[in-house]
Amino acid sequence: MKTVLMVAEKPSLAQSIAKILSRGNMSSHKGLNGACSVHKYTGTFAGQPVHFKMTSVCGHVMTLDFLGKYNKWDKVDPAELFSQAPTEKKEANPKLNMVKFLQVEGRGCDYVVLWLDCDKEGENICFEVLDAILPVMNNAHSGEKTVFRARFSSITDTDICNAMTRLGEPDHNEALSVDARQELDLRIGCAFTRFQTKYFQGKYGDLDSSLISFGPCQTPTLGFCVERHDKIQSFKPETYWVLQAKVHTNKEESLLLDWDRVRVFDREIAQMFLNMTKSEKEAQVEATSRKEKAKQRPLALNTVEMLRVASSALGMGPQHAMQIAERLYTQGYISYPRTETTHYPENFDLKGSLRQQANHPYWADLVKQLLAEGINRPRKGHDAGDHPPITPMKSATEAELGGDAWRLYEYITRHFIATVSQDCKYLQSTISFRIGPEKFTCSGKTVISPGTDASIPVHINNICQRNYVTVESGRRLKPTNLGIVLVHGYYKIDAELVLPTIRSAVEKQLNLIAQGKADYHQVLGHTLDIFKRKFHYFVDSIAGMDELMEVSFSPLAATGKPLSRCGKCHRFMKYIQAKPSRLHCSHCDETYTLPQNGTIKLYKELRCPLDDFELVLWSSGSRGKSYPLCPYCYNHPPFRDMKKGMGCNECTHPTCQHSLSMLGIGQCVECENGVLVLDPTSGPKWKVACNTCNVVAHCFENAHRVRVSADTCHTCEAALLDVDFNKVKSPLPGNETQHTGCIFCDPVFQELVELKHAASCHPMHRGGPGRRQGRGRARGRRPPGKPNPRRPKDKMSALAAYFV
């Protein structure tokens, strides 16, 4: 039988679709990447019996990035990123091995059915999947169609089965529009971000942001926040006075009347009106009126409105709300939650969706009444041509969903019921009073016919992470000094960089690509040319933004505390702790980046033998890693085999006492390229840590001294350790205090090694002998990274067991 491979966008979605199509009669197993499952069942396809395999990806398979030197900030002028820098598609998450996984599952298949989300991004992922699996599929016979696209808006039996019977083709134009947007965002965002980050972090020490980033969508979002903040700050309240009258209809009931003049801004005038009325004992009723009014039912729900209400009424951040909505969608409770449409299509089964709620404990009576009396046609909204409005697809209870998922589902369902209900009708009654010469009124509302009250995320999350805004109580966004200065600077230089108008124009061009009405290359070239000109003007005019920065932030020379000596001028450099943490020498006017997310302190006033800079010690905490580094070598690698950002534990200096050559022990038991290195500062709770991954092991506690020996293990060629133990607490037999051995092979040392921290544990080390061979230190015997072919596998097992 032939085989049909079906691919969804997420593992949970694949499982839900497979259950529906197989009617639950399927077998499942994990794929080779450990993240995606494969569901198998038999059925019919194109009138013939076939084997079905249903699996998924985890979002985008590929991501766009620059090639070679263009990924390095110091190597190229940011202006080159607009046109000269070549790009390539790379795996979005290399650890998932998604391309290899797809090729393994696609090999030998005859047909592929793509169940990616039905939007432009999903269409783009379709072609990423096809690029991986088409080369390994069976060849088609006599022009037979082998690629199919399923289109659906909800995970219900009806919608999924209908999609399977009406398969189409993936839309290449929509996929191209996403390619264009990705390339525009990469080139524009990187160029502006690199320039302004290097410029401002090279001048100011208290910006407190790792990146001074620019994004074609992110920056206008920040602009909205700052614009609102400016209006609030510039608002000048003016004092006014109001008369309020309270009348009693009997001893227990009273009415508060509103003054017809509303307010006055002159206190003396207000006092005059008060004097004219306060002596009156009665209020005279002059007129009464009643008028029937209506409040319109809401439009059908789209993504923007859902996120707005989730934030303002439910107290959920937009990213959190979107994650919940996507989970409700994949579980079949609501329709696809990413839509701009507020108009139900003519063939939408409103009654069918309403019947799903007919037995719900909260709104069953209202739903049954609507079904019996006839639903009201929803208001005509906007049809964006993407997906139907967000709609509940099956009934759910609070006990079933719980927490925020229930609150969001309840809102979506109540909103849907409101869209097919009658408009809310109420009677507004108004009574006019006269108290002396002044007139007052009192109004009230009585409901005649109730309806149901239906009491963009990534960009907001980005500007929060960049420290451009903070979230205050009531989910209000308050821009920071940095956010305010950036926006004001953009307005000063080129307002279009921060206004949404230019992004809107770009989106219209991208939509023309999606519709097949515009050429991909022409739109890309034209848009990049516009932003390249804007970039050059921005660079030439940066002094305008810098003038604003000078007012709000301190120069590097006036920031930080003295820490270590510069190797050039031998004066103290200042440690700037604000992100990104760095060292600055005001005399040489040089800045040196440091490793982030840890603490930095002086390392025993020891100096690097290459450049005479004082070493500093980076530490991630008592349970983590620590290593010394030379600030100059960290930024300017001294040897060809070193990269920027390497500490002493990766330095290949042949004789320096702090280098990998002197402190390296053997190959890490977790990762491919790491070396276990002795941490000489960790005593008396000694540590051995990998210089690449997060493996950290405690060993030889209470030892006076631990040194890496010049000798190596005869079995595995790892470096031996010389250990001097405390005489009272020595774990050695016969009250011995000194021992030399290999932590991989020596039975005495194997008992003294204990894992304290490992970020991840590779499956290959579980439940059996170690499979990775050892590595010696770089002392001319063997280059770092070259495995030892003579090392017996079982000699690794004892130490590997401690890391499981």
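Which residue's side chain meets that of Lys203 in a salt bridge? The views below, all taken from a predicted model, begin with that pair.

**View 1. The salt bridge of Lys203 and Asp546.** Asp546 is the partner of Lys203, with N to O at 2.5 Å. The two ends differ in cover. Lys203 has a relative accessible area of 30%, so it counts as partly exposed. Asp546 is at 6% relative accessibility and is therefore buried.

**View 2. The salt bridge of Glu496 and Lys534.** The side chains of Glu496 and Lys534 meet with N to O at 2.6 Å. Glu496 sits in the loop between α15 (481-493) and α16 (500-514), and Lys534 belongs to helix α17 (residues 520-540), so the bridge ties together parts that are 38 residues apart in sequence. Glu496 is partly exposed, at 37% relative accessibility. Lys534 is buried, with a relative accessible area of 12%.

View 3. A search of the whole structure finds 31 salt bridges.

**View 4. The salt bridge of Asp74 and Lys198.** In this pair the closest N and O atoms are 4.0 Å apart. Asp74 lies in the loop between β5 (62-66) and β6 (87-91), while Lys198 is in helix α5, so the contact ties together parts that are 124 residues apart in sequence. Asp74 is exposed, at 53% relative accessibility. Lys198 is partly exposed, at 40%.

**View 5. The second largest pocket.** The volume of this pocket is about 890 Å³. It is lined by 24 residues, and those closest to its centre are Trp73, Asp74, Thr593, Asn635 and Lys644. Three elements, α5 (172-201), β19 (590-593) and α19 (631-635), each give two or more residues to the lining. β19 gives the most, with 4 residues. By class, the lining of the second largest pocket holds 7 nonpolar, 9 polar and 8 charged residues. Asp74 links this view to the previous one: this residue is among those closest to the pocket centre and forms the salt bridge with Lys198.

View 6. Val242 is placed in the loop between α6 (218-234) and β9 (244-248). Its relative accessibility of 44% makes Val242 partly exposed.

Terms used. Residues numbered from 1 in each chain as written. Predicted model: local features only at pLDDT ≥ 70, side-chain atom pairs only at ≥ 80, totals over all residues. Heavy atoms only, no water. Buried < 20%, exposed > 50% of the residue type's maximum accessible area, 1.4 Å probe, protein only. 1 Å grid on protein atoms, 1.4 Å probe; cavity = no way out; pocket = protein on both sides within 12 Å on 5 of 7 lines; lining within 4 Å. Points joined across faces, edges and corners; volume = space filled by probe spheres on them. Nonpolar A, V, L, I, M, F, W, Y, C, P; charged D, E, K, R; others polar.
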